[in-house]
Amino acid sequence: MSNKKKDIKEEQQDQPVKDQVEDILDEAIDEVEKEKEESGNEDNGFELTEEEKLKEDLQKEKDKFLRLFAEFENYKRRTSKERLELFKTANQEVMAAMLPVLDDFDRALNEIRKSGDENLVHGVELIHNKFKETLTSKGLEAMNVKEGDTFDSEIHEAITQIPAPKDKLKGKIVDVVERGYKLGERIIRFPKVVTGK
């Protein structure tokens with residue numbers, strides 16, 4: 001194998017496929033032009049136009065290939081993005097289905113604490129923490145909403161409005177009825193709150 005071919009092969013390994021194809025097509029065009037120059041003016045007009053026609057056809061095929069390659073790259077990018085969205089959506093549905101179970105677990109734990117049985121409370125707390133940590137590791141995050149926060153209709157769901165117990169709670173959150181949760185940056189359940197008027 002000649003040194004020139006070795007150099008070309010080494011260069012091709014470092015280049016993306018698109019660039020390699022362009023280089024090969026450019027080399028083929030150069031070879032056709034060299035043959036044309038070497039033959040000189042001995043060729044008659046018919047052969048010259050045939051070579052030009054071949055060169056033009058080669059250029060058309062090169063353009064066609066590059067367009068097809070670009071379309072394929074766009075297709076790959078689009079499908080990978082759609083696949084990621086599908087995984088996020090599937091995960092979101094599972095997480096949303098688990099939230100009522102988490103709520104029930106929180107309520108049960110509060111009732112068990114009232115019983116005064118420390119061993120039972122400790123055992124249930126361990127299971128509760130493991131459940132919450134598993135959901136957190138999958139991207140679930142509780143939204144921090146507390147009494148006195150400013151009500152924002154973009155991120156809170158007001159279920160009722162009551163007279164504010166204090167003047168400073170007018171137009172603010174008085175109570176949180178149900179916790180809200182986010183999955184990544186997306187809110188999958190808005191916190192249900194009571195506002196003061």
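A salt bridge is a side-chain nitrogen of Lys or Arg within 4 Å of a carboxyl oxygen of Asp or Glu. In this predicted model, aspartate 103 and arginine 189 form such a pair, with their closest N and O atoms 2.7 Å apart. Aspartate 103 belongs to helix H3, and arginine 189 belongs to strand E5. The pair therefore ties together parts that lie 86 residues apart in sequence.

Both partners are shielded. Aspartate 103 has a relative accessible area of 8%, so it is buried. Arginine 189 counts as buried too, because its relative accessibility is 12% and the cut-off for buried is under 20%.

Arginine 189 has a further partner. Glutamate 178 forms a salt bridge with arginine 189, and here the closest N and O atoms are 3.7 Å apart. Glutamate 178 lies in strand E3, residues 173–178, while arginine 189 lies in strand E5. This pair thus ties together parts 11 residues apart in sequence. Glutamate 178 counts as partly exposed, at 23% relative accessibility. Salt bridges link Asp103, Glu178, Arg189 and Lys192 in a network.

The structure holds 9 salt bridges. One of them joins glutamate 111 to lysine 114, with the closest N and O atoms 3.2 Å apart. Both residues lie in helix H3. They are 3 residues apart, about one turn of the helix. Lysine 114 is exposed, with a relative accessible area of 63%.

The overall layout comes next. The protein chain contains 4 helices and 6 strands. Read from the N terminus, the elements run α-α-α-α-β-β-β-β-β-β. The chain has 197 residues, and 20% of them count as buried. It exposes about 14800 Å². Carbon and sulfur atoms supply 51% of that area. Among contacts between residues at least 6 apart in sequence, 62% join residues at least 24 apart.

Three of the strands make up an open sheet, in the order E1-E4-E5 and with antiparallel pairing. Strand E1 (140–142) and strand E5 (186–189) stand at the edges. Each has a single partner strand, so one side of each is left without a neighbour in the sheet. On average, neighbouring strands of this sheet are turned by 40° against each other, direction ignored. E1 and E4 pair in the antiparallel sense over 3 bridges. Alanine 142 has tyrosine 181, in E4, as its bridge partner.

Tyrosine 181 also takes part in the largest nonpolar core. In soluble globular proteins, nonpolar side chains tend to be buried together. Here the largest nonpolar core has 9 residues: Met95, Leu99, Leu102, Phe131, Leu135, Leu140, Tyr181, Leu183 and Ile188. H3 gives the most, with 3 residues.

Leucine 135 is one member of this core. Which residues does leucine 135 contact, leaving aside its neighbours within four places in sequence? They are Met95, Met98, Leu102 and Leu140. Among these, Met95, Leu102 and Leu140 are listed in the core as well.

Key:
Residues numbered from 1 in each chain as written. Predicted model: local features only at pLDDT ≥ 70, side-chain atom pairs only at ≥ 80, totals over all residues. Heavy atoms only, no water. Core = buried A, V, L, I, M, F, W, Y, C linked by side-chain atoms within 4.5 Å. Buried < 20%, exposed > 50% of the residue type's maximum accessible area, 1.4 Å probe, protein only. Helix = DSSP H or I, 4+ residues; strand = E, 2+ residues; numbered from the N terminus. Contact = heavy atoms within 4.5 Å. Areas by Shrake-Rupley, 256 points an atom, 1.4 Å probe, with all protein chains shown as cover. Pairing = 2+ DSSP bridges. Axes fitted to C-alpha atoms, helices over the stretch in contact; angles between N-to-C directions.
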